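Here are my notes on the model you sent. Please read them with the coordinates open.

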Amino acid sequence: MSKQMKELKVTELTKTYGEKTLFDHISFHIHEKNRIGLIGTNGTGKTTLLNILAGKDSGDGDVQAIQQPNDYQIGYLSQDQLFDPELTVVDAIFQGETPIIQAVKRYELALIALAKDGSSEAAQRQYAQAEELMNKEDAWTADTDAKIILQKLGIETLHKKIGELSGGQKKRVSLAQVLIESPDLLILDEPTNHLDYEAISWLESFLNGYRGSILMVTHDRYFLDRVTNRIFELSFGQLYEYKGNYEAYILAKAERERIEVDQEEKRKQLYKQELEWMRAGVQARGTKQQARQDRFHDLKENLHQVNQKGQLEIDIAGQRLGKKVLEIKDGNYSIEQKVILRQFDLLVQAKDRVGITGKNGAGKSTLLNILAGRLPLDSGLYSIGETVRLAYYTQQNEAMDPNQRMIAYLQEAAEQVQRNDGSSIGVAELLEQFLFPRFMHGTIIGKLSGGEKRRLYLLKLLIGQPNVLLLDEPTNDLDIDTLTILEDYIRTFKGAVIAVSHDRYFLDKTMEKLLVFEGEGQISTYFGSMSDYLTQNKESAKKTVKSEPKQVQVTEKKEKVKLTYMEQKEWATIETEISELENRSAQLGEEMNHQGDDFTKLQQLQAELTSVEQQLEEKLERWEYLSEFAEN
């Protein structure tokens, strides 16, 4: 008997928030192996939908809109994941209630206790009991998988308390938790935030081979394109479904909107004809004409039913910028004995596009604060041109009065703004161009979503007509529609732009020069795209590994002469695991040869094959390492 497919069904889901209707009787299914990207302008209800599916919120009314099997498990990575600060990392990660997760948790705690005091009888007894439970639940594979996830996400200190971690570390712990639990449905809200490029690449591969379903919101369009096979778009209370990845979505959406506009034009023409007929005073409008009159009224009611977001434009002139913009000479800066800048030189000229990227915690945002004049250098010279008019888009909004109305907030900056062509535009028109309909202009700020506040904050900065933009992680909170127009604005902006970002797509589209922070004051310069830099870096790493293998192996042999107990257990099963992966790889290749033109199935098989081959490569590397000590 074949295994029953697990799926989640949503039927006629409605949700209102104040005067706004987020969802108007939307319905959809999430099937096994779906990798769904959820797209929508800030404020359309993406996070609300995720919260409802995760059971943290509910739709309107008493109708049971969500149906799922009783044993259906959902894992949720939210933007505001909260852990008890007193919990250790290992307690936070292994919170799942399944017997396997609990067995792995007990085993990891026992290992920590044994590492602290190997001679303790209590610790030895705890370890023996944990090992017995691991055997009973057959949890060794789960433990190995968990260790790989933790390693790839850079989580090494399992004994630390959550309260001791940075915001980025907490986000990675949250991600590790949901991945390790391996639920039927993974709901991920911005999973790439706080990950470096290697971790993002690994996560792409991991999710492509994931056995369950995935629903995610992400601003990383490369990630979205490489992982998804369906796209859900929220727009004006409706949900539109598209097959394929982000590229396929862009093409299909353009076609859908073209058809809707054509249909709207036809309705307008028909309405005009009917209007002429109604006004002509046709004689004998009796019962036989009633149907036509009814049709006229139906057309009148349905006219303008195509909802269009309009074109978000940033047509705001900047102030004239002289030749001298920003310059640092022999700059040095440290914080808490950590070196951020060491004899650092930087010259920013008009029209420069400088992307700042690299390791988390290496000081990227600190450099922006120095350039914005918020932090002084420890030593060295920082100078700013006389004509410079800075706008600094920080990771946190400026203080906003939650009781202030949107239009009043913007009017603090200006009532009228000059366009590039010399004409003026009012604040109300700017709000509409920024996808805030006129009926929202009197809304108090406290009722806006987090993303809408970020969009409003960006608009206020641009109303000041700057000629130098400092952007700190602009892609984190802005929706894709806003980002697309911001990127186009940067392309035509006549001033200089310096942006801190980990978003490969954004950097590729907007930046011409990269400052790569490598830590400890080491900052390299690269002229070209982010993708080119990553490709070059990857090739350099491969050459380094190939040129120094013997030296690494000799060093390890001197330090170690035999396998540990756990490595012996791993050695006993690794050849079987390699054989299973090789068989699966061959099987997938054979299946692909028989798919014909079923492109969707081919994509799924290719994604799984990529994952299997990566696992196989890792196992072979591990076998090679273990084999050196297996005979000792």
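1. Ser585 sits in helix H19, residues 565-593. Helices here are DSSP runs of H or I with at least four residues, strands are E runs of at least two, and both are numbered from the N terminus. Ser585 is buried, at 16% relative accessible area. Buried means under 20%, exposed over 50%, and partly exposed in between (1.4 Å probe, protein chains only). Leaving out residues up to four places away in sequence, Ser585 touches Leu609, Val612 and Glu613. Contact means heavy atoms within 4.5 Å.

2. A word on the source. This is a predicted model, in which local features need pLDDT of at least 70 and side-chain atom pairs count only at pLDDT 80 or more, while totals for chains, interfaces and linings use all residues. Residues are numbered from 1 along each chain as its sequence is written, and side-chain values use heavy atoms, with hydrogens and water left out.

3. How confident is the prediction? The chain has a mean pLDDT of 82, and 86% of its residues reach 70 or more. pLDDT is the predictor's confidence in each residue, from 0 to 100. The pLDDT is below 50 over residues 548-559, a stretch with 6 contacts in the model beyond near neighbours in sequence. Where pLDDT is low, predicted coordinates should not be read in detail.

4. Now the whole chain. It has 20 helices and 20 strands. Of its 632 residues, 45% count as buried. Take the contacts with a separation of 6 or more: residues 24 or more positions apart account for 69% of them.

5. Look at Leu195 next. It lies in the loop between strand S6 (185-189) and helix H7 (197-208). Leu195 is buried, with 3% relative accessible area. Arg172 is 23 residues away along the chain, yet its C-alpha atom is 7.6 Å from that of Leu195. Not counting residues up to four places away in sequence, Leu195 touches Arg172 as well as Leu153, Leu175, Ile200, Leu203, Asn360 and His502.

6. Asp220 is another loop residue, found between strand S7 (213-217) and helix H8 (221-227). Is Asp220 buried or exposed? It counts as buried, because its relative accessibility is 0%. Setting aside neighbours within four places in sequence, its contacts are Thr192, Ile200, Asp503 and Arg504.

7. Helix H1 (residues 46-53) has 7 of its 8 residues buried, so it is largely enclosed by the rest of the structure. The buried ones are Lys46, Thr48, Leu49, Leu50, Asn51, Ile52 and Leu53. Gly55 follows H1 and has a positive phi, near 85°.

8. Check the pair H3 (residues 99-116) and H4 (residues 121-137). Their axes come within 8 Å and cross at roughly 155°. Axes are lines fitted to C-alpha atoms, for helices over the stretch in contact, with angles from 0 to 180 degrees between N-to-C directions. H3 and H4 are therefore roughly antiparallel. Angles over 145 degrees count as roughly antiparallel, under 35 as roughly parallel, 65 to 115 as roughly perpendicular, and the rest as oblique.

9. What meets what between H3 and H4? Residues of H3 including Ile100, Val104, Tyr107 and Leu111 meet residues of H4 including Ala123, Tyr127, Ala130 and Met134. By class, this contact has 15 nonpolar, 3 polar and 3 charged residues. Nonpolar covers Ala, Val, Leu, Ile, Met, Phe, Trp, Tyr, Cys and Pro; charged covers Asp, Glu, Lys and Arg; the others, Gly among them, are polar.
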